[in-house]
Amino acid sequence: MDSFLFLALDYSLRGFAVSLFGTLWIALVFWYLATYLISPLRKIPGPFLAASVAVNNLAIVGWTNLWRMYHVTQGQSQVVLHELHQKYGPVVRIAPNVVDLDLPEMIKTIYNTKGDYRKTEFYHGSSAKSNGRIIYNLFSECDPDIHAQQKRPIAKYYSLTGVLPLEPHIDEVINYLCQRLEEEFIDGSNAGITCKLDQWLLFYTWDVVGQATFSEPIGYLKNGFDFDGTIAISDTAMDYFSLVGQLPVLDHLLDKNPIYRIGPPAFGNITNISITHLLDRLQGKDTSYHDANKPDFLDRFIDAKDKYPDIVDDSQIISYLMINMIAGADTTAITLNAAIYFALKDPRVWARLQKEIRACQSSLDAAPSAVPYNIASALPYLNAVVREAMRMHPGVAMTLERYVPPGGLTLPNGQYIPQGSIVGMNPYVIARNRSVWGEDSDVFRPERWLRDDSQESEEEFQARLRLMNNSDLAFGAGSRICIGRNLGLLEVYKVMATLISRYDIELAHPHRDWKTHNSFFVRQEGINVKLSRRS
């Protein structure tokens, strides 16, 4: 009898659990349906039926963020988004409250200098938590007033005038890069060994950041590999950031969990490097490698602390140092890799680039082995190749989200986006807008940045150039434009001109394509080359 009652109770509890689960499931479906039907964005087109088998063709785009989370994990979300715009037009709903725009004419409205279109919680995933408090940095801080306050003490150091004094630091790293490439791939028995150039350029940019920030490279070029695991940690952190950014509440359940952290590996090494260098500098223990006559970013951040003591303390200096380290290397390497890869894939482009750089050899012979910035930046075709590479393969290729401010947003076609909705543009998508870039917007053609004397007047070219410049989101725009863009371009122009002036470079497998993965930063691999001294 007891066994019978136990079984009956067991079946009763199971039935209750099934009923409760079913009720909750039905309630959730009705809640999503009601939310979808009453949403002011419901008339905006989008992939109502997700095409991917992985999401079982469920109508979830207008209901949840799961659809875009899935595509982020696949690493090609920018391509999917571009295809959506080709299908639905310039205004596409990609999540319950998110609208992606392919409207270059709206860049100055949404990404303006007033800051009324505030960043969303998408960016919070790049913040850190310390002693129970979330610490926002220059990138993740969404409040425009706080961001302006944090940026003000150091902004001048990132202007072109501010970064040019760092050129001797960059020269040291470029010279060492050349030395290491010759040791590993050109000299002696190593001649003809295939070079994974994408890796070595990444080592270069990380070491430049260390040299420019602390007067000491981190050591990737010396070791020839990710010896401390920081680069791998950076990749994992970006994978995490790009995923939880689609559903920011996940960050509070994972990395910012108050009970038990479940997140990506912390940047412990970078934090320790930053703290150690700050303490050594303040105590005068780094004179063996730091020359006060060659100031670095740490010198300048300490100066900012003296001038703005109410804003900049030691913890703020650490924040500045870490954003320099973490954000300053990957995007520069991405631009370098893209410029060299696309140019090498087109023999005509590579030949013209070689000819232009080597034509100024008399100037280069009188200069240090690293080509000076004033020479490299004055080369028209090199500039065109770099600009075109950033257009075809921007360092960042996810929607740059902003909240619509009070008063809403009226689009050129008359559509109204209410306050509190999220709008944004993807640099990859905008860079393929045919109204700006022409019918060959999917083609790498550096000449689009130069005047075609047979086709247009100088006035026509300048008008076209203004349109392209105003439509360029490679570094963002407005008050949140990338603070490190001048330093990044300084690194890119100098090292490209130096490598091409010194070496013959060719793809080891010209018919193979590289591999890319978009985790906000669009990483590349597979740029395998053969190097030899210039013939």
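Cys 482 is placed in the loop between α21 (458-470) and α22 (485-502); helices (H or I, at least four residues) and strands (E, at least two) are DSSP runs numbered from the N terminus. The structure is a predicted model, in which local features need pLDDT of at least 70 and side-chain atom pairs count only at pLDDT 80 or more, while totals for chains, interfaces and linings use all residues. Residues are numbered from 1 along each chain as its sequence is written, and side-chain values use heavy atoms, with hydrogens and water left out. The relative accessible area of Cys 482 is 32%, so the residue is partly exposed; buried means under 20%, exposed over 50%, and partly exposed in between (1.4 Å probe, protein chains only). An unreviewed UniProt entry covers Cys 482 with the annotation "binding site"; such positions are given in the numbering used here, feature names are shortened, and annotations may be inferred rather than shown by experiment.

The chain contains 22 helices and 13 strands. Of its 535 residues, 51% count as buried. The accessible surface comes to about 24,700 Å², with 57% belonging to carbon and sulfur atoms; accessible areas come from the Shrake-Rupley method with a 1.4 Å probe, and for residues only the protein chains shown count as cover. Among contacts (heavy atoms within 4.5 Å), those between residues 24 or more positions apart make up 72% of the contacts with a separation of 6 or more.

A nonpolar core is a set of buried Ala, Val, Leu, Ile, Met, Phe, Trp, Tyr and Cys residues joined through side-chain atoms within 4.5 Å. The largest such core has 104 residues, and those with the most contacts inside it include Tyr 204, Leu 353 and Met 496. Helix α14 (residues 314-345) supplies the largest share of this core, 17 residues. Apart from residues up to four places away in sequence, Met 496 touches Leu 336, Ala 339, Ile 340, Leu 353, Ile 357, Leu 382 and Val 386.

Side chains of opposite charge can pair when their charged atoms come close. Counting a salt bridge as a side-chain nitrogen of Lys or Arg within 4 Å of a carboxyl oxygen of Asp or Glu, the total is 35. One of them joins Arg 352 and Glu 447 (3.3 Å, N to O). Arg 352 lies in helix α15 (residues 347-359) and Glu 447 in the loop between α20 (434-437) and α21, so the pair ties together parts that are 95 residues apart in sequence. Arg 352 is partly exposed, at 39%, and Glu 447 is buried, at 18% relative accessibility.

A network of salt bridges links Glu 388, Arg 391, Asp 440, Arg 445 and Arg 448. In it, Glu 388 and Arg 391 meet at 2.9 Å, N to O. Both residues are buried, and they are separated by about one helical turn because they stand three residues apart in helix α18 (residues 380-392). Asp 440 and Arg 448 form a salt bridge of 3.2 Å, N to O. Asp 440 is partly exposed at 23% relative accessibility, whereas Arg 448 is buried at 2%.

Pro 265 lies in the loop between α11 and α12 and is partly exposed, with a relative accessible area of 42%. Its C-alpha atom is separated by 7.0 Å from that of Ala 237, 28 residues apart along the chain.
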